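The following paragraphs are intended for a reader who meets this structure for the first time. Please look over the sequence and the model before reading on.

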Amino acid sequence: MNINATLLGQTIMFVMFVWFCMKFVWPPITNAMGERAKRIADGLAAGERGKTELDLATKRSLEILHEAKQKAAEVIAQAESRAAQIVDEAKASAREEGERLLNGAKAEIEQEVFRAREALRDQVAALAVAGAEKILRHEVDAAKHAELLKSIQSEL
Amino acid sequence: MASETLTSSEYIRHHLQNLTFGHLPNGSWGAAQTADQAREMGFWALNLDTFFVSFILGALFLFIFRKAAKGATAGVPSGLQNFAEWVVEFIESSVRGSFSGKNDLIAPLALTIFFWIFLMNWMDLIPVDYLHVLANAAGLPFFKSVPTTDPNATFGMSIGVFLLVLYYSVKVKGVGGFIGELTLQPFGKFGLPFNLFLEGVNLISKPVSLALRLFGNMYAGEMIFILIALLPFWLQWTLSLPWAIFHILIVTLQAFIFMTLTIVYLDMAHQEHH
């Protein structure tokens, strides 16, 4: 318990310890802490920025969606009107085609009728001539009355 | 526990004697074998136990914190770094609370003071006989394991703090300013001798109170542990356990008080009042 040179030794030791702590211990720790604080602050700021960006993006995506919906509605409306138009056109062309076919058929029928009538006329003429021949067997010379027969034939 | 060959007072005295190395009466250098020899060595002797234990503890503190400092990253901190940062943050908030100026020395100084004293005080919680008996077995006549129960250690630190107070007083206020502060207040220049006496006492009381407060607390605590150790071994825990638990508080508190007062004194040294 005597005061002696230990006092000086302890003071020197104390100064050395403080010096070492100040030089090699304190700065690295506080620097790391400061840097981490900065990093965290940066991270928080980035997070905040990200959030506002997300909000903006959400808003924009909603707008785009809205626009797309509008466009889709427009396209559908256009398609519908176009479809109606096509149907109308098809109806018209079908009607036309039908009429054309009908007319063609009518003309053909008429022709057929005409042809049948001609054939019928020939047959009737032939029948008439044959009948007349049977009746007039003898008197009628085919060669002599060919002219007569021809005129009858054309009258039929 | 008291060994049978010793009386109680011898046991206590034996425990309170430092291992002093110095000039022996027979002319050679060596460790004092008795308290009288230690006293006769005068000033030029060294308390080896105080010196040795405080050095080991200080080095341990610096080693641990240096390790933490080396591995310190701004990323996710490891366990040791977490601990170091927790301590550093605690010290920093203490410094910020009491020290108004700006000085890069104060915080590391406070950290060193706090942790070193804390570790030295902590030696008090090692049962009083352990290191003592070990040292005696190793042939050392005395061994006092708690450096802060040696006034040399506490005064050594407080003198270091006192020198810093003087240095910063002169540095911040100038020699004239510092002398003026000592002589021209509180009663103006006509009360000069009285002022000098008052301020001188005020100044000197700083290191003295720092050192004696720590020494007194730890010495008393150690003394009570030694007294408890005189009881029969099966009874000791009834007193030593509560006292040890209470002592955990004192150990921390005294380290904290020493640190805080150092910060406050240095803050006063930095301030130009009046």
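How many residues of chain B are in contact with residues of chain A? In this predicted model, 56 residues of chain B are in contact with 29 residues of chain A, where contact means heavy atoms within 4.5 Å. Residues are numbered from 1 along each chain as its sequence is written, and chains are lettered from A, with ligands numbered from 1, in the order in which they are written. Local features need pLDDT of at least 70, side-chain atom pairs count only at pLDDT 80 or more, totals for chains, interfaces and linings use all residues, and side-chain values use heavy atoms, leaving out hydrogens and water.

Chain B contains nine helices and three strands, these being DSSP runs numbered from the N terminus (helices: H or I, at least four residues; strands: E, at least two). In sequence order, the pattern of chain B is α-β-β-α-β-α-α-α-α-α-α-α. The C-alpha trace of chain B spans about 65 × 55 × 40 Å along its principal axes.

H8(B) has 37 residues and reaches 52 Å from its first C-alpha to its last, close to the 54 Å expected; the expected span is 1.5 Å times one less than the number of residues. H8(B) bends by about 35° at Ser205(B), with the proline Pro207(B) following within four residues. Such a bend is the angle between axes fitted to the seven residues ending at a residue and the seven starting there. Helix H9 of chain B, residues 233-270, reaches 53 Å, close to the expected 56 Å. A kink of about 30° lies at Ser240(B) in H9(B), shortly before the proline Pro242(B).

The interface comes next. Chain B and chain A bury about 3,800 Å² between them, 74% of it on carbon and sulfur atoms; buried area is the accessible area (1.4 Å probe) that two parts lose on being put together, summed over both. Across this interface the rule finds one salt bridge, defined as a side-chain nitrogen of Lys or Arg within 4 Å of a carboxyl oxygen of Asp or Glu. Glu85(B) forms a salt bridge with Arg36(A), their closest N and O atoms being 2.8 Å apart. Several elements give two or more residues to the side of chain B that touches chain A, including helices H4 (79-98) and H7 (151-183) of chain B. The largest share of that side, 11 residues, comes from H3(B).
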